[in-house]
Amino acid sequence: MTIAKALRLAITEEMRRDPTVICIGEDIGIPGGWGGAFTVTWGLEREFGLERIRNTPISECGLIGAAIGAALTGLRPIADFQYSDFMFCAADQLINQAPKICFMSGGRVKVPLVVRAPVGASTRGAQHAQCPEAWIVHTPGWKVAVPSTPYDAKGLLKAAVRDDNPVFVFEHKLLYGSSGARKEDNAVQVDEPVPGEDFVVPFGEAVIRRPGRDITIVATHLMLYRALQAAEQLGATGIELEVIDPRTLVPFDYNTVCESLGRTGRLMIIEEDTRRGGWGAEIVAEIAEKHGDLLKVPPARVATYDAPIAASPRMERFAVPDASRIAAAARTMLGLQ
Amino acid sequence: MTAAHLPQSGRPPPLPERAQALDLYRTMRRIREFEDRVFAYFRAGRIPGTVHQYQGQEAVAAGICGHLLRTDYVTSTHRPHGHAIAKGIPLQEMAAELFGSTLGCCRGYSGSMHMGSPEYGMPPASAIVAGGVPIAAGLGLGCRMLRPGAMVACFFGDGAFNNGAFHEGANLCAIWDLPVILVCENNFYAASTHVTLANKNPRLAERARSYGMPTETVDGNDVFAVYEATGRAAARARGGDGPTFLECLTYRRCGHSRRDQNKYRDKQEEQFWLARDPLDLARTRLLDAGVAAPSDFQAIDEATAAEVQAALDHGEQAPQPAGEDALLHVFYEESR
């Protein structure tokens, strides 16, 4: 099962289980349409109707505000952006409203809101390419999930729907496994069987995707697969990368990372966001401040260079980390080049 | 913008029955009394922060909320005290909130500008201009899906009309036929900017009509005019006939915020509106119609003054939170 289908399965199961769950977004619930920009909600209107699969105008601020208001009445909306880049049109609702309403009420009001947003460079140019997780990670009041496998996509989205707080679920365009007209060039195929029964993936529990004794790598989404690719390449030369998928950025599972650092003593963050002020910087700073004794060498970040993403595929490939850049950084960290 | 802009209907709005009419007056009096006394506390440095007050606009909150049930919703703004009082939040809780107390309606987390209470259908007010309009659309959607017959009154000022959030939210209300009254409190000034400086066409109801919803402009200083128009809008909302844009022309008797002295206002305009105090207009109307006697108003005024002072006394003495409570409620917890 692909990630797109796993997300659709999660939404379907939650909407069947709980009549207060609704979807709200652009280009959803259009018979003959796409099911959102990346097919995740495709066909759901046939089972759930247009009141619950609610298409909106191109009004990002309006639709997130409406989802917040709906959440305040007891509905559990899943709002989606076609591209995460569009979320900045809704910045007031995402920064000033959703994550502060519970707090401003003194904890008396809950906002059970899920926002889904596709991230990642995919040869569309600077305004359909960003990985804006850090903007939300920075803002108190949000939980942030970053599923990279179909199993996690289903389990994290279901956990997000059941959470009484605003939860951002960032999904990667090249990992959806969308097919047909919505197929992505350079996509990574991450199909895996996903259990049909009810399960959630709890927030704040990282998984080690590949064990290794030399460097602790933390990576999400596309960078997770590129890190695994680099680990494979380096494995042939006897270098072992331990690759950790945090699965959620807020809350973040520092325990798993620290346990790993106890074995490796070396930390490297791989992120597709631009480097300056990214979530990786936060992880590095937190580990350095509180667990610096675990580090044998200074930590490192491999990230997209600090520039908007160019449309040219060649320039995009240069800007975004790939396996060889990750492998080179790892060798440097080990003093091998 | 003076008399020429007020709707010329040629007849005064009908009066509701006596008890309701006096209730509307009482709500206005409670707002005026609360705001005037709160202002004195601010001036004396006894209440922290800033405050955006509602003196002069009482007829809008009272007339609108006169048609709302406790289970209906309002969204409010940086100027929320009048809406909160009209929606029924107890004055003691409001006063305690202004003093930052744990007994406040938001336990000291909202202060003046984010006042609200879930028990009274008022989510924390949004102090970002127009921020509450899309939220009101969502509240309307929730009303329709979960509690048919319930409705939303969305308060905002003329300043919100030029913010994108208003237009996105208003359009959603229209295309989804949501049970919402969009209440534009046109007090002619977005902070210090006059409505004619910010709008080529300052007749906001005209512009709102283009969204495909009924609109009405009323004398927002005449509580009976607001109440009558709200009756029509509320019937549409509750009956499934969608939103209404209700422009209430009104005027601040106070500054925009705590220390503002309104030096930017036209004197003639000011004179015209300050002579039309909403409480005086209501009192005169009810006396002239023989519906109420001077003693009725005296009784309300005296009782209200005592009630408000008692609320402020309570608020000032109510317990303060611990500093470290600042870290609570970032996330919702069922037990709290």
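## Overall build of chain A

Helices, here, are DSSP runs of at least four residues in state H or I, and strands are DSSP runs of at least two residues in state E, both numbered from the N terminus. Counted in this way, chain A of this predicted model has 11 helices and 12 strands.

The C-alpha atoms of chain A fill a box of roughly 60 × 50 × 40 Å along the principal axes. A compact globule with 337 residues would have a radius of gyration near 20 Å, and chain A agrees with this because its own value is 20 Å.

## Two domains and the contact between them

Chain A is divided into domain 1, residues 3-182, and domain 2, residues 207-333, and the centres of these two domains, taken over C-alpha atoms, are separated by 27 Å. The two domains touch each other, with 23 residues of domain 1 in contact with 22 residues of domain 2.

On the side of domain 1 that touches domain 2, α5 (133-137), β5 (143-145) and α6 (150-162) of chain A each supply at least two residues. By class, this side of domain 1 has 15 nonpolar, 5 polar and 3 charged residues.

## A sheet of five strands

In chain A, an open sheet of 5 strands has the order β7-β9-β8-β11-β12, and its pairing is mixed. Strands β7 (207-210) and β12 (300-304) of chain A stand at the edges, and because each has a single partner strand, one side of each is left without a neighbour in the sheet. From one strand to the next, the twist averages 30°.

One pairing in chain A joins β8 (residues 215-219) to β11 (residues 267-274), which run in the parallel sense over 4 bridges; here Ile217(A) has Met268(A) of β11(A) as its bridge partner. Helix α9 (residues 279-291) of chain A packs on the sheet, where it touches β8, β11 and β12 of chain A, and its direction makes about 155° with that of β11(A). Helix α11 (residues 323-333) of chain A lies across β8, β9 (241-245), β11 and β12 of chain A, and runs at about 160° to β12(A).

## Backbone details

Most residues other than glycine have a negative phi, and most peptide bonds are trans. In chain A, the peptide bond from Val250(A) to Pro251(A) is cis, with omega near 0°, and Pro251(A) is found in the loop between β10 (248-250) and α8 (254-264) of chain A.

Asn186(A), in the loop between β6 (167-172) and β7 of chain A, has a positive phi, near 65°, and counts as partly exposed because it has 13 C-beta neighbours inside 10 Å. His221(A), which is found in helix α7 (residues 221-235) of chain A, also has a positive phi, of about 50°, but it is buried, with 25 other C-beta atoms within 10 Å.

## Where chain A meets chain B

The contact between the chains takes 33 residues from chain A and 37 residues from chain B. On the side of chain A that touches chain B, the elements that give two or more residues are α3 (60-73) and α4 (91-104) of chain A, and the largest share, 10 residues, comes from α3(A). By class, this side of chain A has 14 nonpolar, 14 polar and 5 charged residues.

In chain B, 8 of the 8 residues of helix α2 (residues 58-65) are buried, so this helix is largely enclosed by the rest of the structure. Among the buried residues of α2(B) are Glu58(B), Val60(B) and Cys65(B).

Terms used
Residues are numbered from 1 along each chain as its sequence is written. Chains are lettered from A and ligands numbered from 1 in the order in which they are written. This is a predicted model: local features need pLDDT of at least 70, side-chain atom pairs count only at pLDDT 80 or more; totals for chains, interfaces and linings use all residues. Two residues are in contact if their C-beta atoms, placed from the backbone, lie within 7 Å. Ala, Val, Leu, Ile, Met, Phe, Trp, Tyr, Cys and Pro count as nonpolar, Asp, Glu, Lys and Arg as charged, and the others, Gly among them, as polar. Two strands pair if DSSP finds at least two bridges between them. Axes are lines fitted to C-alpha atoms, for helices over the stretch in contact, and angles run from 0 to 180 degrees between N-to-C directions. The radius of gyration is taken over C-alpha atoms; the globule rule is 2.2 Å times the number of residues to the power 0.38. A residue is buried if 20 or more other C-beta atoms lie within 10 Å of its own, exposed if 12 or fewer, and partly exposed in between; C-beta atoms are placed from the backbone. Domain bounds come from an automatic or database domain assignment.
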